[in-house]
Amino acid sequence: MPFVEMTLPVLQFPPELLLQAQGVRVAFFDVDGVLTDGGLYISEAGETLKRFNTLDGHGLKLLQKAGITPAVITGRDSAPLRLRLQALGIEHAVFGTEDKRPAAEQMLAHLGLDWTQAAAMGDDWPDLPVMRRCALACAPANAHVEVRHVAQYTTQARGGEGAAREFCDLLLVASGRYAALLAGYTL
């Protein structure tokens with residue numbers, strides 16, 4: 001295979017979308033239907049298993065490198081989820097809450113940020129109160145129709161299949177850090 005020198009990133013987003021995302025310092029993520037495909041695997045013993053996408057995981061790590069805090073607010077709680085978030089170094093998470101807005105407000109206060117510096121990705125009705133307040137709202141391709149309607153950006157990928165990575169890439173491009181981070185992998 002011939003060596004191909006990469007000089008410029010090929011990924012592009014509409015300028016108006018990049019402007020909306022430019023000041024984002026924290027990104028809120030739902031789990032089921034966003035970081036997973038939304039399916040629940042339940043063993044005979046009652047243990048819940050989840051499938052995570054490595055593209056999404058790497059995107060969350062890249063956000064941290066760019067100075068954007070990834071935060072998780074989810075209606076469920078499980079040992080596999082906690083293990084995955086720990087492996088990714090995600091320090092800000094609220095588990096087992098359907099009332100996500102107060103959880104997001106608490107995180108914003110803790111981080112010294114406000115809604116204009118926040119973005120959110122969700123797929124179902126419990127995510128709407130957070131998505132409606134953020135500077136940028138994103139939904140996976142298979143999100144509920146009401147959520148896609150609120151989102152300023154809907155990914156091409158489905159939840160659990162790289163949708164969160166698309167959102168991370170958008171935030172990285174808007175922050176001006178995408179090209180430099182990519183260059184670190186092309187040398």
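I started with the largest nonpolar core, which has 35 residues. A nonpolar core here is a set of buried Ala, Val, Leu, Ile, Met, Phe, Trp, Tyr and Cys residues joined through side-chain atoms within 4.5 Å. Buried means under 20% relative accessible area, exposed over 50%, and partly exposed in between (1.4 Å probe, protein chains only). Phe 29, Leu 63, Phe 167 and Leu 171 have the most contacts inside this core. Its largest share, eight residues, comes from α7; helices (H or I, at least four residues) and strands (E, at least two) are DSSP runs, numbered from the N terminus.

I noted that this is a predicted model, where local features need pLDDT of at least 70 and side-chain atom pairs count only at 80 or more, while totals for chains, interfaces and linings use all residues. Residues are numbered from 1 along each chain as its sequence is written, and side-chain values use heavy atoms, leaving out hydrogens and water.

Next I checked Leu 171 and found that its contacts (heavy atoms within 4.5 Å) include Leu 63, Ile 68 and Leu 136.

Then I turned to salt bridges, each a side-chain nitrogen of Lys or Arg within 4 Å of a carboxyl oxygen of Asp or Glu. I counted seven. Lys 100 meets Asp 30 at 2.8 Å, N to O. Lys 100 sits in helix α4 and Asp 30 in the loop between β1 and β2, 70 residues apart. Lys 100 is buried at 5%, and Asp 30 is buried at 6%. Both join Asp 127 in a network of salt bridges.

Key:
Lists of a residue's contacts leave out its neighbours within four places in sequence.
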